[in-house]
Amino acid sequence: MTDLEKSFNPQSFESRWFDHWLRLGVFTAGRDPRRPPFSMVIPPPNITGRLHMGHALNNTLQDILARWRRMKGDDVLWLPGTDHAGIATQMVVDRHLAAEGTSRESLGRAAFVERVWQWKEEYGGAIIEQLKKLGCSCDWTRQRFTLDPALTRAVREAFVRLYEDGLIYRDKYIVNWCPGCRTAVSDLEVIPQETQGHLWTIAYPLEGGGGAIHVATTRPETMLGDTGVAVHPDDERYKGLVGRNVVLPLVGRPIPIVADPFVEREFGTGAVKVTPAHDPNDFEAAARTGLRSLVVMDEAGRMNDNVPPAYRGLDRFEARRRVVADLQAGGALVAVKDHLHNVGRCQRCHTVIEPYLSTQWFVRIKPLADEAIRAVAEGRVRFTPPHWINSYNEWMGKIHDWCISRQLWWGHQIPAWHCDACGHLMVAREAPPRCAGCGGALRQDPDVLDTWFSSALWPFSTLGWPEHTPDLARYYPTSCLVTGFDILFFWVARMIMMGLKFMNEVPFQRVYITGMVRDADGQKMSKTRGNVIDPLELVARHGTDALRFTMAAMATPGADLPLADERMTGYRAFANKIWNAARFVLINLGEDGARGAPPALPPRDRLTLPDRWILSRLSRLAAAADASLAEFRFDDAANALYQFLWHEYCDWYVEMAKPALIGNDATDQARVRAVLVHVLDRCLRLLHPVMPFITEELWQRLPHEGATIALAPYPDPDPAQLDDEAETDLAILMEVVSRIRNLRAELNIDPARRLTVLYRAGEGRTGRLLQDNHATVMTLARLETLRAAGDLDAGGPAARAVARGIDLAVPLAGILDLETERRRLARDIDKLTKEREGHARKLANADFLAKAQPEVVAKARRICQELDERIERLHRTVAALTE
């Protein structure tokens, strides 16, 4: 099949090959139980999601692993699926309903949930199709959804078991409440935002007179819910006041002064207001000191009936303004000052979070966390990069009980039933027919579970748990997990806890934490900055393989990825380079040569130095790529492939092969064709996990065996082909040619003009090497003459260079006007010097060094170094022209 298009056009074949893989069942696990299992679960994207750069990075790296292990002979299960995404999905459908002039409340719960299912069927699969566009080789026959009936059963089973074990309980507690979403959210879903606010100091008069205590607050509206004032028990200033009451301004309610060690004596006046229903620290202090809790807001953040009539129904921020004005009017406002502090906002809707006393369901987390900490400490779960272990341990060591209930309608409704007649609570796997206490009617708890509860079960619920299925026995624990650092605690830690609890085994053995894809300047992508890059647009412009290769080449463990368009353009050019090389090989094979089995390599004694060199380098490449992928060094694997294919195979070996191909020696032609095909075939297989589409398109046109490259063996290194001598010798020849090419470029000599080169290499092995490979150097350097000379100055003015101890001279008589050339070079030196001074000034600027991203600083230093080298080379050339 030599009818390869002249230009690389990925859109013409990408979807065709993905359909081909699906038809062949390439991605389906369990085809051969004799193969060792390799399994991964996809971090399930939200059904509301659209592919972003984080997905592109994460899923490209997972797919590289899946394709690599499949070619290595493993039975690969990469299990895909989506998450129901409780809050996010409910918000999307709420917006749709609002656009129609109706609401969730108008529909009622059952009708609303049905409407969400309809939305999911219509729109929820979009991201799956986008993952397929990316080339993801998941086992799509096993696709899961966190609200599938089987997964719903697993969620209920886990909830009931945890409840029966005393690890789930229901209680009143301070939670992070989002008045926008009208639900509790976890600590991890609260985004702290530095905010310029105020600190108000208020005088609380002592009951019966005798002065006042001054307290400070950033949330004066919550004072309406104060039930006490606290001081430190060792604070001498307040020894005589503990046990007395103050009168709460604006309310007139007497509240006690209590002593508790949570108060910091050095902060402010050493006295703090206590609002147990609206502050977590105050809630704990109230429990120790016997203060009551008074909720003064409703779920929408409006002041309720527990406050004086003047404030009822006001939004909390309007109430704040009214309270401050009334305090000032009444003479109770002592001071106001600017105050910079962190204000928590909802991750979803960005509403300011309200600490709120509410009845919720919790997981008693410490017993589960202790086991998960131990598993990592014992090496049963290994993190790459390893520094994430420190973050994991720090968070797990300070973990609080997990609030798992959410006041939503979309999600896993909590399997608990209440009897309103007698107050009995029943937790069960199936809905009980009646109350076990009084026989009365039951109503199911209206709350749903935190989305992350079902996600925590993902590695085993997707394999059939709680049933003992063949998939569960074969593929659990999974081999590895690839995920972003932003869900290390949301998801990874919780999966480890739940896996140990329900399976008595960790859910995965290796965890690779990716960096963040940033813009070219190292800035975080955000809609407000306007720097968001759409991966689907990149695919349309450059092709999927170029995007995937970019992600792999930049995926250095522990580092973020500053994505510049020139990188993507460069890797599309890499794909084009491979395309052109394959086209050259196919043209020289001819129609007959491209059919049937690949040609066998000639015996070693018939191989030339370039043949032995490229085969040795190929063997080293196979070893390096395999070892790099085994340690999640996707960047090293990609860069090794790039270096070999672009430079060693295309730039050097293909060029060295051309004279034999155009010559008249059929034996030489057959030898070169065999080596060209052998190396290209193995390169395409090594590259396939990273660039699956172009490698399949080209491999299918080469002589090959099998229906798809995706199931072809991943090449092993061949020790018999390793040849240190060939690598050393050819490195010398390559340096000689490169030095001559550099001289030609620096002197602006026409590339088509053939030059004379004199060399002095001595009588040893190096001299013989040049003599034996005289024709190769002549061809590659485009020379008219290459000859040894004792006196390199005999030919007059000459450009000089040294390569591996070999002195080189290019006589310039009749080639250049030396004076004109010296003036041109002087202009170039001046221009480069000014450019270098500009970069040097930037690097000398302390403000730039302090504020710029490390990648930007490193780039500026690299440019300075490259300019120094170019200027030095030009100075040497000018000196040669002056001699």
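Colleague: Which residue in β29 stands opposite V802?

Modeller: D807 does. Keep in mind that this is a predicted model: local features need pLDDT of at least 70, side-chain atom pairs count only at pLDDT 80 or more, and totals for chains, interfaces and linings use all residues. Residues are numbered from 1 along each chain as its sequence is written, and side-chain values use heavy atoms, leaving out hydrogens and water.

Colleague: What makes β28 and β29 a pair?

Modeller: Strands are DSSP runs of E with at least two residues, and helices are runs of H or I with at least four, numbered from the N terminus. Two strands pair if DSSP finds at least two bridges between them. Strand β28 (residues 798–803) has six with β29, in the antiparallel sense, so the pair qualifies.

Colleague: Why is β29 called largely enclosed?

Modeller: Buried means under 20% relative accessible area (exposed is over 50%, partly exposed in between; 1.4 Å probe, protein chains only). Five of the six residues in β29 (residues 806–811) are buried, so the rest of the structure largely encloses this strand.

Colleague: What makes a set of residues a nonpolar core?

Modeller: Its members are buried Ala, Val, Leu, Ile, Met, Phe, Trp, Tyr and Cys residues, joined through side-chain atoms within 4.5 Å. The largest one has 143 residues, with F634 and Y649 touching the most other members. Helix α20 (residues 634–662) gives the largest share, 16 residues. A second, separate core has 62 residues, including F159 and V376.
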